[in-house]
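Here is a short tour for anyone opening this structure for the first time. Have the view ready, and we'll go through it piece by piece.

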Amino acid sequence: MSPLLRVEGLWKLYHGNPVLRGIDLDVNAHEVVCLIGASGSGKSTLLRCVNLLETADDGAIFLEGEEITDVRADPDRVRRGIGMVFQAYNLFPHMTVLENVTLAPVRVHGRPRAEAAELGRELLARFGLLDKAGEYPDRLSGGQQQRVAIVRALAVRPRLMLLDEVTSALDPELVLEVLGVIRELKESGMTMILATHEMGFARDIADTVCFLDGGVLLEKGTPEQIFTDPREPRTREFLRRVLDARRL
Amino acid sequence: MSTTTAVWEKSERQRERERLRRRAAVRSGSIATVSTVVFVVIAAWAIVNSPGWPRVKETFFSGEAFAMSFPEVLAGFWKNVQIFVIAELLILPLGLLVAVVRGLKTPVFFPLRALAVAYTDIFRGTPTLLVVYLIGFGLPALNLKGVPSDPMVLAVIALTLSYGAYVAEVFRAGIDTVHPSQRAAARSLGLGHLQTMRFVVLPQAVRRVAPPLLNDFVSLQKDTAMASVIGVIEALRQAQIDAGKMFNYTPYLVAALLFVALTVPMARLTDYLAARATRRRGPGGGV
Ligand SMILES: Nc1ncnc2c1ncn2[C@@H]1O[C@H](COP(=O)(O)OP(=O)(O)O)[C@@H](O)[C@H]1O
Ligand SMILES: [Mg+2]
């Protein structure tokens with residue numbers, strides 16, 4: 001079976017500085033891949049490249065066998081199949097929760113407004129947010145905002161979800177409610193790539209864990225293998241530092 | 001140790017505090033009143049007792065001249081209002097269009113973008129009065145078919161071109177204040193550049209620039225008086241005519257009062273919107 005997403009020798013440079021150095025990564029349908037690595041190791045950049053928010057400087061990305069980094073590919077069409085959730089939620093502050101959720105289904109996918117609203121309500125209900133449908137984002141807690149952002153990305157029925165440190169801006173007691181949502185997505189069979197600092201969660205939910213170091217995908221394996229028996233000394237060092245920080 | 005009780009009874013300390021606060025409020029209130037009265041009395045006394053006052057009173061504050069010129073100047077002022085309203089309705093879309101065109105990144109749009117830049121540079125740099133002269137006398141002199149010759153229409157065109165450039169810059173500044181992450185979020189949902197502009201960036205930008213826009217419109221209301229130089233008999237021109245006939249400047253005062261009556265509500269609305277925007281940015285007010 002060919003992978004849902006294939007990243008092949010991907011390079012990205014900012015002002016001549018390489019930030020991604022030849023990344024190779026396959027993601028199968030229904031697989032959950034966690035990207036771990038120090039701040040600045042290139043996790044966000046990799047996700048942004050997959051969503052074509054950044055242009056790759058070399059290499060190629062394939063979604064369901066089709067090269068999306070092809071210069072003739074239409075980025076807007078590619079992004080319709082991919083949902084992305086950001087660390088800072090990035091909800092649209094001038095729209096209600098329901099308007100945030102139905103914007104893309106109505107404007108991009110041409111769904112009738114009533115149908116989109118119904119689907120939106122269904123999704124909001126599924127994640128316990130139905131009573132917030134008419135609220136503006138600034139009236140919601142961080143955890144609620146992030147759950148809305150996830151619902152907004154889901155509303156276009158993506159084949160692949162990219163989640164970039166979606167719990168990093170949240171207070172500890174709000175992290176759990178968002179992680180619960182992600183767990184539910186996994187159970188529903190969603191293919192996901194998530195950059196995360198929550199090692200316990202990564203270990204729990206990931207099928208595959210990738211360790212990024214200075215723009216290189218240094219090590220890749222099952223959570224078991226990466227967290228208990230990392231091959232690379234750099235991975236071991238990173239995990240030790242994270243666990244030490246946790247203990248403080 | 002104090003015990004916790006559910007009922008709060010104001011402490012003596014708090015009551016004393018509130019007494020002092022009330023007293024201070026009363027004192028500053030009376031100081032403001034007294035100083036205002038004193039100031040007005042002194043200013044009025046100084047003016048009325050100045051050597052030139054009898055003549056000024058006669059030439060600027062003549063009740064008779066006021067009553068005679070008021071209907072005519074008011075009729076002229078109606079033209080100012082018309083010019084203002086029509087120009088405003090044209091300026092908003094023009095400014096928005098120019099601002100959006102300047103943000104287009106695709107190379108195909110280079111000529112349009114260059115045109116937008118040239119337009120703002122030229123019309124922002126040229127004094128509005130000069131634009132009014134050039135359009136008012138230049139356009140009809142071309143003798144082209146279909147070019148309007150009505151000075152009212154020419155005044156609207158000139159003011160629209162001049163103010164459109166300012167308003168485009170205001171919109172552009174507003175667009176720049178919308179954080180790039182908002183665009184990224186919109187694009188990640190599959191919205192195209194123009195859809196992102198229309199549904200995500202512009203609604204936020206327009207809200208933020210409403211106060212400075214209104215400010216520009218207050219100044220546009222006054223600048224409609226420039227239509228007088230190309231032959232529109234509006235309030236200022238009518239006042240000039242009446243003043244000449246009566247050998248009295250009171251008609252100018254009539255015109256001034258009419259302009260103030262129109263701009264003051266606009267200025268208060270601007271203050272209100274600006275204050276509301278500040279409140280929204282404040283703590284608990286969200287972004
Ligand atoms: N727009 C940008 N311009 C310049 N440098 C950038 C930009 N975005 C990211 N970088 C740099 O790329 C590197 C990787 O960043 P990022 O992908 O955000 O890392 P991570 O998400 O793993 O913390 C960092 O050194 C960062 O400073
Ligand atoms: Mg990051």
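With a relative accessibility of 42% for A:Arg77 and 44% for A:Arg234, both arginines count as partly exposed. Bear in mind as you look around that this is a predicted model. A:Arg234 pairs up with A:Asp213 in a salt bridge, their closest N and O atoms 2.9 Å apart. That pair links distant parts of the chain, with A:Asp213 in strand 9 (residues 208-213) and A:Arg234 in helix 9 (residues 233-247) of chain A, 21 residues apart. There's also a network here: A:Lys12, A:Arg48, A:Glu54 and A:Asp57 are joined by salt bridges that share partners.A:Arg77 has a partner too: its side chain meets that of A:Glu66 in a salt bridge at 2.9 Å, N to O. A:Arg77 sits in helix 2 of chain A and A:Glu66 in strand 5 (residues 66-67), so the pair ties together parts that are 11 residues apart in sequence. A:Glu66 counts as partly exposed, at 37% relative accessibility. Then look for A:Arg126 and A:Glu184, another salt bridge, with the closest N and O atoms 2.9 Å apart. This one links distant parts of the chain: A:Arg126 belongs to helix 4 (residues 113-126) of chain A and A:Glu184 to helix 6 (residues 172-187), 58 residues apart. A:Arg126 is partly exposed at 40% relative accessibility, and A:Glu184 is partly exposed as well, at 28%. Counting over all chains, the structure holds 24 salt bridges.

## What the records say about chain A

An unreviewed UniProt entry marks residues 5-239 of chain A as "domain: ABC transporter". In the model, that span is 37% helix and 26% strand, and its end C-alpha atoms lie 27 Å apart.

The buried ones are A:Lys43, A:Thr45, A:Leu46, A:Leu47, A:Cys49 and A:Val50. After the helix comes A:Leu52, which has a positive phi, near 60°.

## What the records say about chain B

For chain B, an unreviewed UniProt entry puts "domain: ABC transmembrane type-1" at residues 77-270. The model makes this span 80% helix and 0% strand, with 23 Å between the end C-alpha atoms.

UniProt (again an unreviewed entry) also lists "transmembrane region" at residues 24-48, 81-101, 122-140, 152-171 and 246-267 of chain B. Take residues 24-48 of chain B: they are 100% helix and 0% strand, with end C-alpha atoms 36 Å apart. Residues 122-140 of chain B come out at 89% helix and 0% strand, and there the end C-alpha atoms are 21 Å apart.

B:Gln238 is buried, at 13% relative accessible area. Leaving aside residues up to four places away in sequence, B:Gln238 touches B:Glu72, B:Val73 and B:Ile233.

## Where the two chains meet

How much area do chain A and chain B bury between them? It's about 1800 Å², 63% of it on carbon and sulfur atoms. A:Phe92, A:His94 and A:Arg107 supply 30% of the area that chain A buries against chain B, more than any other three residues. The contact takes in 22 residues from chain A and 21 residues from chain B.

Six residue pairs are in polar contact between the two chains. On chain A, helix 2 (75-80), strand 6 (82-85), helix 3 (97-107) and helix 5 (142-154) each give at least two residues to the side that touches chain B. That side of chain A splits into 12 nonpolar, three polar and seven charged residues.

## The bridge across the interface

How many salt bridges cross between chain A and chain B? The rule finds one, and it joins the side chains of A:Asp76 and B:Arg187 at 3.2 Å, N to O.

You'll find B:Arg187 in helix 7 (residues 180-188) of chain B, and it counts as partly exposed, at 22% relative accessibility. Its contacts, not counting residues up to four places away in sequence, are A:Leu53, A:Asp76 and A:Arg79 from chain A, plus B:Gly192, B:His193 and B:Thr196 from chain B. The side chain of B:Arg187 also reaches the backbone oxygen of B:Leu191 at 2.9 Å. For a sense of scale, B:Arg187 and B:Pro54 are 133 residues apart in sequence and 71 Å apart in space, C-alpha to C-alpha.

Terms used. Residues are numbered from 1 along each chain as its sequence is written. Chains are lettered from A and ligands numbered from 1 in the order in which they are written. This is a predicted model: local features need pLDDT of at least 70, side-chain atom pairs count only at pLDDT 80 or more; totals for chains, interfaces and linings use all residues. Side-chain values use heavy atoms; hydrogens and water are left out. UniProt positions are given in the numbering used here, feature names are shortened, and annotations may be inferred rather than shown by experiment. Helices (H or I, at least four residues) and strands (E, at least two) are DSSP runs, numbered from the N terminus. Contact means heavy atoms within 4.5 Å. Buried area is the accessible area (1.4 Å probe) that two parts lose on being put together, summed over both. A salt bridge is a side-chain nitrogen of Lys or Arg within 4 Å of a carboxyl oxygen of Asp or Glu. A polar contact is a pair of N or O atoms within 3.5 Å; within protein, one must be able to donate a hydrogen and the other to accept it, and residues adjacent in sequence count only if both atoms are side-chain atoms. Ala, Val, Leu, Ile, Met, Phe, Trp, Tyr, Cys and Pro count as nonpolar, Asp, Glu, Lys and Arg as charged, and the others, Gly among them, as polar. Buried means under 20% relative accessible area, exposed over 50%, partly exposed in between (1.4 Å probe, protein chains only).
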